[in-house]
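Here is a short briefing on local features of one model.

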Amino acid sequence: MRALTVEPGRADSAQLDKVPEPPLEDGAVLVRTLAVGICGTDAEIVAGGYGAAPAGRSRLILGHESLGRVEAAPVDCGLAAGDLVVGIVRRPDPEPCRYCAAGEWDMCANGRYTERGIKGLNGYGSDYFRIEPEFAVRIDPALGLAGVLLEPASIVTKAWEHAERIGRRSAAWQPRTVLVTGAGPIGLLAALLGAQRGLEVHVLDRATTGPKPQLVRDLGAIYHAGRLPQADAFRPDMVFECTGAPALVLDAIRRSGSPGIVCLAGLSSGQHEFNLDLAALNRSLVLENDAVFGAVNANRSHYEKAAAALGAADRSWLARLISRRVAPEHWAEALRKQPDDVKVVLDFTQ
Ligand code: BGC
């Protein structure tokens, strides 16, 4: 079968390979891959900056944002042939730590977790994959190709859940405004969840053309192209920083309301040194009861809540997030950013 593989740590080593059928040890459920979403993490692995192959191997099958159709599943496992499923990315560490033991592998404390398509486990970017039933999430068939958005949606579902738990430190907390920085898939899905909660949602992105401004407006949210109103005129109750760009991270922290909640959901790449008055920043964080926290990955409960959120979203809006479908043979094109890209997927039905 076809599989997009890479040698982690070696730049430009990705290629479409022929590999054997997925081994039974990957799980009892056999899935025919329909689509695999491409994200910044994949680009970083292909560039040699991230990722790890399975133990004892040199190459890793890429792909952690999956959508597939069950071909065969054991009886009574909760899944049956024909079901549309998405694979959970992370697996608990072998120990397991107290978080992994409780099913909260997204909070793994010792870093020995594995992740399909990223760290130590083959991913879903092959014609077929196998998976353990408890790590496959069945989705509403009506979602169709938009089901490939479940993995990124699970990430923002977790981020929202944690932000709201922090908010509830005060019994009087009642957020009204939320700022999302970055109108990529993560930012747009974070904005969707804000709109579903009835909040006033603002999205900041560089794009002045292309689909992003209208995608934001179609949520009933406000789009800011390149710059925000003066900080004293706009201090959102919550900020979801989805770019990892250092200047935006700092602005998010400075601009959040009082008490403010800032969720950092974007991974920065490279190194950026910055001149920063940490004393002033500390003063404002303390005096305003601000909370700044990071959020990564998701556990099964987040996938299930994210599936409900996608189910409640406008189907045509979700479909517009998938801006390009690329055949696996042309995977390199999928990784090459184009100006109007939102989410690019490898279409394994081609
Ligand atoms: C994935 C997460 C993963 C993170 C770090 C992200 O792209 O969506 O599931 O935990 O990368 O490896």
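Glutamate 164 is buried, at 18% relative accessible area (buried is under 20%, exposed over 50%, partly exposed in between; 1.4 Å probe, protein chains only). Glutamate 164 belongs to helix α3, residues 150–167 (helices are DSSP runs of H or I with at least four residues, strands runs of E with at least two, numbered from the N terminus). Beyond neighbours within four places in sequence, glutamate 164 is in contact with Trp173, Arg197 and Met238 (contact means heavy atoms within 4.5 Å).

The model is predicted: local features need pLDDT of at least 70, side-chain atom pairs need 80 or more, and totals for chains, interfaces and linings use all residues. Residues are numbered from 1 along each chain as its sequence is written, and side-chain values use heavy atoms, without hydrogens and water.

**Aromatic rings**
- The whole structure holds three aromatic pairs (Phe, Tyr or Trp rings, the six-membered one for Trp, with centres within 6.5 Å; planes under 30 degrees apart are stacked, over 60 edge-to-face, the rest tilted).
- Tryptophan 105 and phenylalanine 135 make a tilted pair, with 5.1 Å between centres and 50° between planes.
- This pair links distant parts of the chain, 30 residues apart: tryptophan 105 sits in the loop between α2 (98–101) and β8 (114–116), phenylalanine 135 in the loop between β10 (128–131) and β11 (136–139).
- Tryptophan 105 is buried at 8% relative accessibility, and phenylalanine 135 is buried at 9%.
- Tyrosine 124 and phenylalanine 129 also pair: centres 4.5 Å apart and planes at 55°, so the pair is tilted.
- Tyrosine 124 and phenylalanine 129 are both buried.

**Charges over rings**
- Arginine 91 lies over the face of phenylalanine 135, 4.0 Å from the ring centre (NZ of Lys or CZ of Arg within 6 Å of the centre and within 35 degrees of the ring normal).
- Lysine 119 lies over the face of tyrosine 113, at 4.3 Å from the ring centre.

**Backbone geometry**
- The peptide bond from glutamate 95 to proline 96 is cis, with omega near -15°.
- Serine 258 and proline 259 are also joined by a cis peptide bond, with omega about -5°.
- Asparagine 289, not a glycine, has a positive phi of about 50°, and it is exposed at 51% relative accessibility.
- Asparagine 297 has a positive phi of about 60°, but it is buried at 5%.

**Surface**
- Phenylalanine 274 is partly exposed, at 44% relative accessible area.
- Phenylalanine 274 lies in the loop between β16 (261–264) and α7 (278–287).
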